[in-house]
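Subject: Structure handover

Dear colleague,

Here is the structure we spoke about, for you to take over. My notes on it are below the files.

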Amino acid sequence: MSEEFDSNNQNYWWIIIIAALVIIGLVLLIILLCNRSSSESQLDGCKSADYPSKAENMSSDPNVIEVSLISSDNDVQILGGNATRLYNYNESFPGPLIEAKVGDELIVHFFNDISEPSTITWHGLKPDANMDGSVISQLPVMPGESFDYRFYLDTAGLFWYHSDINSREQVHKGLYGVVLVRDYDEDECYSLPTSEKILAFSDLKLGKNNQVDISYSDDACVRAEQQINGILGNVLLTNGVHNGCISVTKNEPTRLRMVNCSTDRFMKIVIEGHDMLRIGGDQGLLERPILIKQDSGLILTTGERADLVFVPRQDSVRIYTYNPRGFQHVEKDCDGNCELIDKVSFSDEKELLVTLEARESSDLESLNIPLELKHIKKIKVDQCTPVIPVSFGNFEPDENGDVDFFAFKQDKHGVPFDCITSEEAPIVVEDCAYIIEVTNYSPIANNFFIHGFSFQHLDTLKVTSEGVEREINKVLENKDTIYIPPKPEGYKSKTVVRLAIKFTGKSRNINAFGKEPTEYTSGGWIFQSHMLTHSERGQKGFIQIVGECDRIKYSKYSGYSNSYSNYSSADHSVCLTKSSESRNYGSKSLSETLDYITKSLITCSSYISSSDSSSDSESTRETRRSRYSSKSYYTNSDDHYSDSKSLTYPKYDPPSSHTNCSLSDESSLYKSTLSNSSMYTTNSSSKSTLTDSSMYSTKSSSKYSKSTGSL
Ligand SMILES: [Cu+2]
C-alpha cells in the first residue's frame, strides 16, 4: 500500500514538473513572439538603423510638398538603461525625411515647442534670404510660436535641415533631418542603382544617466581643448541608432547617400573591404565619378554630403570612421597660462558607424555608371575676378580657457562675428562671379560653409616661407561645404582654398543687407565654419548682396575694395577701370545703397548689448572688444604674406572642358568587371611646387591615375 502510494506520488510530481516546463516554454515563446512583433526593426538582434520616418505631404498638388515640423523634447532610447532626453522634430530622431523632386515648391509649417527660441536653416538648399533661418536672416521663432518656410527646390541632391539658433546645443540634441530632392530623369539617364540607403551620421556626448553633457570643463586648459577640438561625442550614430544594422543585398550595386550631421566631428569614412565610387556630393552629381580605394577613405566634414555607389561582396559589411582632424593640445606655459600647442596628434582608432547586413544575395551585377556624368556649368573666373577674403583663426585662451574664433579679418586682425559691422562685411553684386579665398592660419583642419549658394573648388595653396604649393581641383562639382586643410608646418605659414562663386538668385530674392532682420526683411548671408562650437564662438561672417551687376559702382566703395586688394591675384585698379568702361553704372543706386548701409550700421558694443544674454557688464564688453584690436594674439599678428609686395598667387587655371551626359558609347561605362578603366582616384590631384611666386608656371600634369575596377 505504501509502495503504491509512493509510486502514485512520484507520477504526480512528474506530471507537475512536465506541466510547469510546458507553461514556462509557452511563456518564453509568447515573450519571444511579442518582442518580434513589437520590434520589426530588429535584424537578428541588431537594431535597424534605417532612416526612421518620412514627413507626411499634406498637399494634393503634385508639384508641392507641404509638411509640418514640430520641435519638442523627447525621450529616446539610445543606449541600454536610461532613455536620453533629446530635442526632436515630430518626435523622430533624426527629424522626418522630406522627399521631393526637383522643381517642387517646399512649404514647411514650423511650430517651436521647445522652451527656447529656434529656427530652421536649409543646409545646401536655396531659399529666399528671409527664409534661410540663420540668426541674421530671420527673427527667432519663440517657444509656442510658428513660422512658415516656403521656397523652390531647384537642385537634385541630398540636403539637410537643422536648427540655427544655439545650434551647438540644439543640433547636438537632435534638431536635424534630411531633405532628398530627386531627379528621376537624371537617375535613369546615368543608370544609377535603384537600391539606395540614406545614412545620416552623427555623434552624441552622453554623461551621467545617459544624458547629453556638452558643458565645458572648469579646468581652463581642458576647456580650451574642448573649444578648439569641438564636441567629440562618445556615442556614434547612424540615422539616430548606435551600432545599428541596415539590410542590403549581396552583389547588388547600392547607392549610399551620406550626410555628416555631427556638431563638430569630422569623419573619414571607410567601408571595410570595399572600394567605393563617389558619384556626387553636396549639390548633386559630379561631372565624373571618383574611385575611392578602401584604404584611403572619404573625408566627410560636418554638414557635407556624399553620394556613393558600392557593391556589397560580404554577408556583413561594416562602415567605420576615423578622426581625420586630429586633436590639438593645450599646455600651461611658465606663467601658468593655458597656451595652444602648434601640434596636432592623430589616432588610428576606428569607430563603427553602422553594419550593412546582406541577408539576401543576387546574381553578380556589374556597374554601368558612365565615366562622364552630369554637365556642370563652370563659373567663369579669371585674374580680374574680385576676391572675397575669409580668414580662419583663433585667439589664445583667456584666463578661463575660453577661446574666441574668427572667420573675418580687418586691418590684419581677426574679428569675431559679434564685432563685424555691416560697414565692414563684404558687399557683393547679384549675378557677378567672385573668388572666395578661405585662409586657414591654424595647425588643425576646419571647414567652410556658405548659406544659400554653391561654389566650385578651384585649387588649394600651401603657403610657406619656401614658396607656394598648389593643388588644382580636377573634378568639377558644385558644393556648399568644404574641407579646409590645416596650415603647413612652419612659421607664419597658411593654407588657402579658392572657390569660385556666383551670387545668382534666378527666381528668388537674394538681396540682403545688414545684420539685423525684421519681420519681413533679412540681414545678410552667413558664411561660417560648420564646426558649430567654432561658429558659436565667433567663426563666421556675412556677405551683403546688392542690385544686379550693372547698377552698382562698387569701385567707389573704399571699404569693399580695401577688403580684398591685399589678397587679390591681380592688380585691381586695372580690373575696376575695365569694369567701369564696359558698364553703365547708375550713381543713384550706389548712393541709395550707401545710405542704407549708413542707417543700418550696428556698432560692436550695441550689437553685443542687444544680443548677448550673459551678464557681462559694459566694462567687460569693452575689454573684450578692445582685445580684438590688440596685436598680441595667436595667429593674429602681422601677416607678412598678406602684404601685396610679397606674394602673388598663381593665376587660376581652369580644368579641361567636359562633355554632356551620354550613354551611347559602351566603353564610357564604369563596370565592376573592367580591369583597366580610366578613373580618377583620390590621389589624382596634381601638385606643383613654387619656390618663387613671381616665377610661377603651370607644371602640373593632368594625367589621370589608372585604376582597376574592383568594386
Ligand atoms: Cu548647416
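The notes go from the overall picture to single elements and then to single residues.

**Overall**

Please keep in mind that this is a predicted model. The protein has 711 residues, of which 43% count as buried. Its secondary structure comes to 10 helices and 40 strands. Among contacts between residues at least 6 apart in sequence, 79% join residues at least 24 apart.

The mean pLDDT is 78, and 72% of the residues reach 70 or more. Residues 31-41 have a pLDDT below 50, and beyond near neighbours in sequence this stretch makes two contacts in the model. The pLDDT is also below 50 over residues 549-649, a stretch that has 124 contacts beyond near neighbours in sequence.

**The four-stranded sheet**

Four strands make an open sheet in the order E5-E10-E9-E7, and the pairing is mixed. At the edges are E5 (95-101) and E7 (120-123), each of which pairs on one side only. From one strand to the next the twist averages 20°.

E5 runs parallel to E10 (residues 176-182), and five bridges join the two. Within this pairing, Glu 99 has Leu 180 of E10 as its bridge partner.

The loop that leads from strand E4 (84-89) to E5 contains Pro 94. The peptide bond between Phe 93 and Pro 94 is cis, with omega about -5°. For context, most peptide bonds are trans.

Helix H4 covers residues 220-229 and is mostly covered itself, with eight of its 10 residues buried. Among the buried residues are Ala 220, Arg 223, Glu 225 and Ile 228. What do the buried residues of H4 pack against? They pack against E21, E22 and helix H5 (532-536). After H4 comes Gly 230, with a positive phi near 75°.

E21 (residues 327-332) and E22 (residues 338-345) are antiparallel and are joined by five bridges. Gln 328 has Val 344 in E22 as its bridge partner.

**Strand E35 and its partners**

Strand E35 (residues 494-502) is largely enclosed by the rest of the structure, because seven of its nine residues are buried. E30 (residues 433-440) runs antiparallel to E35, and eight bridges join them. In that pairing, the bridge partner of Ile 436 is Leu 499 in E35. E32 (residues 455-464) also pairs with E35 in the antiparallel sense, over eight bridges. Here Asp 459 stands opposite Arg 498 of E35.

The loop from E35 to strand E36 (525-528) holds Thr 518. Is Thr 518 buried or exposed? Thr 518 has 11 other C-beta atoms within 10 Å, and a residue with 12 or fewer counts as exposed, so Thr 518 is exposed. In sequence Thr 518 is 382 residues from Ile 136, while their C-alpha atoms are 9.2 Å apart in space.

Most residues other than glycine have a negative phi.

- Asn 166 has a positive phi, near 45°. It sits in the loop between strand E9 (157-163) and helix H2 (167-172). Asn 166 counts as partly exposed, with 18 C-beta neighbours inside 10 Å.
- Ser 191 has a positive phi, near 50°. It sits in the loop between helix H3 (184-189) and strand E11 (195-204). Ser 191 counts as partly exposed, with 14 C-beta neighbours inside 10 Å.

When you go through the model, please start with the two stretches whose pLDDT is below 50, residues 31-41 and residues 549-649. After that, the elements can be taken in the order used above.

Best regards

Conventions. Residues numbered from 1 in each chain as written. Predicted model: local features only at pLDDT ≥ 70, side-chain atom pairs only at ≥ 80, totals over all residues. Pairing = 2+ DSSP bridges. Axes fitted to C-alpha atoms, helices over the stretch in contact; angles between N-to-C directions. Buried ≥ 20, exposed ≤ 12 C-beta atoms within 10 Å, placed from the backbone. Contact = placed C-beta atoms within 7 Å. pLDDT = per-residue confidence, 0-100.
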